[in-house]
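Good morning, everyone. Please have a look at the model on the screen, and then I'll walk you through it.

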Amino acid sequence: MSNLTQEQTSELRKLLDERYAALNEEVHQEVNDKDEFIEVATEVPDPGDASFANLTVDLGNAAVTRDLGELRAIEAARGRMENGVYGDCVDCETEIPFERLKVQPTAERCAPCQEHYEKTHGDMQRGATL
């Protein structure tokens, strides 16, 4: 693991745990909201209401997908902590500064490697297009 102190690691673990709990709550709420909108869409014969309900469900699905991705990133960060490599860049193996981890506890790359990754993998972030 990088040169993080025990106190820093505990602080980062707490941030990860708090965000994980908040995301779990958001996912449960979004799924419940989706169920309510599906009921509205199937009960109301008005095409405008059905269209709005469908749009709302689609937006909710996108939010759930985003949140699930972040939950997976948190689980990966926890795994790196357990394996003793948390705080080390997965590309160049240099230490990721504590300040960066404090802002983005799931960071797996140092800032220069992350910038390079985003430039070379930009299409992966976009998702489906029309």
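I'll start with the overall fold, go on to the core, and finish with the charged side chains.

First, a caution. This is a predicted model. Please keep that in mind throughout.

Now the fold. The protein chain has 4 helices and 0 strands. Follow the sequence along, and the pattern reads α-α-α-α. The protein chain has 130 residues, and buried residues make up 28% of them. What about the surface? The protein chain exposes about 8800 Å². Carbon and sulfur atoms supply 52% of that area. Next, the contacts. Take those between residues at least 6 apart in sequence: 58% of them join residues at least 24 apart.

On to the core. How many residues are in the largest nonpolar core? The count is 19. Five of them have the most contacts inside it: Leu-4, Leu-12, Leu-16, Tyr-86 and Leu-101. Which helices supply at least two residues each? They are helix 1 (6–43), helix 2 (47–83) and helix 3 (98–103).

Let's zoom in on Leu-12. Set aside its neighbours within four places in sequence. Leu-12 is then in contact with Leu-4, Met-81, Tyr-86, Phe-98, Leu-101 and Lys-102.

Pick Phe-98 from that list. Phe-98 lies in helix 3. Is Phe-98 buried or exposed? Phe-98 has 15% relative accessibility, and the cut-off for buried is under 20%, so Phe-98 counts as buried. What does Phe-98 touch, not counting residues up to four places away in sequence? Its partners are Leu-4, Gln-8, Glu-11 and Leu-12. Look at Leu-4 again. Phe-98 and Leu-4 are 94 residues apart in sequence, yet their C-alpha atoms are 7.1 Å apart in space.

Now the rings. The structure holds 0 aromatic pairs. But charges do sit over rings. Arg-78 lies over the face of Tyr-20, at 4.3 Å from the ring centre. The charged end of Arg-109 sits over the ring of Tyr-117, 3.7 Å from its centre.

Last topic: salt bridges. Side chains of opposite charge can pair when their charged atoms come close. A search of the whole structure finds 10 salt bridges.

The side chains of Lys-14 and Glu-18 meet at 3.8 Å, N to O. Both residues lie in helix 1, 4 residues apart, which is about one turn of the helix. Lys-14 is exposed, with a relative accessible area of 52%. Glu-18 is partly exposed, at 43% relative accessibility.

Next, Asp-67 forms a salt bridge with Arg-66, and the closest N and O atoms are 3.1 Å apart. Asp-67 is buried, with a relative accessible area of 1%.

Then there is Glu-108 with Arg-80. Their side chains meet in a salt bridge at 3.6 Å, N to O. Glu-108 lies in the loop between helix 3 and helix 4 (111–120), and Arg-80 lies in helix 2, so the pair ties together parts that are 28 residues apart in sequence. Glu-108 is partly exposed, at 30% relative accessibility. Arg-80 is buried, at 9%. Salt bridges that share partners join Arg-80, Asp-91, Glu-108 and Arg-109 into one network.

Definitions and conventions:
Residues numbered from 1 in each chain as written. Predicted model: local features only at pLDDT ≥ 70, side-chain atom pairs only at ≥ 80, totals over all residues. Heavy atoms only, no water. Core = buried A, V, L, I, M, F, W, Y, C linked by side-chain atoms within 4.5 Å. Buried < 20%, exposed > 50% of the residue type's maximum accessible area, 1.4 Å probe, protein only. Contact = heavy atoms within 4.5 Å. Areas by Shrake-Rupley, 256 points an atom, 1.4 Å probe, with all protein chains shown as cover. Phe/Tyr/Trp six-rings, centres within 6.5 Å; stacked < 30°, edge-to-face > 60°. Lys NZ or Arg CZ within 6 Å of the ring centre and 35° of its normal. Salt bridge = Lys/Arg side-chain N within 4 Å of Asp/Glu carboxyl O.
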